[in-house]
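Me: I would like to go through some of the labels used for this structure and the cut-offs behind them. Please show it to begin with.

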Amino acid sequence: MSSNNPFKSWLADKNRATPLGTWLMAAAPATAEALGYGGFDFLVVDMEHVPVEFTDLAHILRAIGCTPADAVVRLAWNDQVLVKRALDAGARTVMLPFVQNAEEAKAAASYTRYPPHGIRGVAAVHRGSRFGTIPNYLKSANDDICTIVQLETPEAIERLPEIAAVEGIDALFVGPGDLSAAMGHIGNIAHPEVQALIEKAAKDAHSAGKPVGIVGPNPDMVKRFIGYGYDYAAIASDIAMMTGRASDWLGQLKGTAAAPAQQTAAY
């Protein structure tokens, strides 16, 4: 069935170029809107590591909604109440962190779907339904929601096939920062052992028939990930790009070398 969710439709289009995004760490509607016009396909609103509350989320989603980009909302935890509030605030694609097994994936899928396919709470009027003006919203919403689960440990990568097989999980996402930490290489996603597992995850996801995404700190790393077969990818964040450019320009003006790009992505 076709979906009105652009991000979900992009993942289903095998002829489309790899969707590219970035992380939003500034918690600012203006930054989100500016990057939405900057050419990114999607922007990840981070509610896990950033003090973004649900009132902020609605404003940020409005800002992104004015642009060609689409929003992905990364919640603080795989939690029924957090998911419900994000969807009612207007999120259509949600990313849930630190999913370790099929049971946790089943819970995530159930939180994002109305009965009988899930346990999402029903409200008649909210921003997600355009305040009750979308015809048959309660019947069509399940098809338009995109549920992404994050795999962030070697154990989760090992269980990738069973997680990918869960009905209602639309895509996977590998978190390289936490993965490298869990492997004993914190702050070094470029370590050969970490890279090998990242590459394996892409292959296993393809074997399971499930789209998989990732984030990298710079263009070279993101190109490497796309070469592994990742279906969508984010590069750095609004804050990282801003501070990186500031460091580069100040280095040129002061005659000093810019700080080296970090090889981690704590997203």
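Me: What makes the contact of arginine 74 and glutamate 48 a salt bridge?

Reply: Their side chains meet with N and O 3.0 Å apart. A salt bridge needs a side-chain nitrogen of Lys or Arg within 4 Å of a carboxyl oxygen of Asp or Glu, so the pair qualifies. The pair links distant parts of the chain, 26 residues apart: arginine 74 is in strand β3 (residues 70–74), and glutamate 48 is in the loop between β2 (42–46) and α3 (54–65). Helices (H or I, at least four residues) and strands (E, at least two) are DSSP runs, numbered from the N terminus. This is a predicted model, in which local features need pLDDT of at least 70 and side-chain atom pairs count only at pLDDT 80 or more, while totals for chains, interfaces and linings use all residues. Residues are numbered from 1 along each chain as its sequence is written, and side-chain values use heavy atoms, with hydrogens and water left out.

Me: Why is arginine 74 called buried, and what is glutamate 48 called?

Reply: Buried means under 20% relative accessible area, exposed over 50%, and partly exposed in between (1.4 Å probe, protein chains only). Arginine 74 has 0%, so it is buried. Glutamate 48 has 26% and therefore counts as partly exposed.

Me: How do you know that arginine 120 and aspartate 88 form a salt bridge?

Reply: Their closest N and O atoms are 3.0 Å apart, so the distance meets the cut-off. Arginine 120 lies in the loop between α5 (102–111) and α6 (137–144), and aspartate 88 in helix α4 (residues 80–88), 32 residues apart. Arginine 120 is buried because its relative accessibility is 2%; aspartate 88, at 17%, is buried as well.

Me: How many salt bridges does the whole structure have?

Reply: A search finds ten. Lys8, Arg113 and Asp170 are linked in a network of them.

Me: Why is serine 180 called buried?

Reply: Serine 180 has a relative accessible area of 0%, so the label applies. The residue sits in helix α9 (residues 176–182). Beyond its neighbours within four places in sequence, serine 180 is in contact (heavy atoms within 4.5 Å) with residues including His185, Ile189 and Val194.
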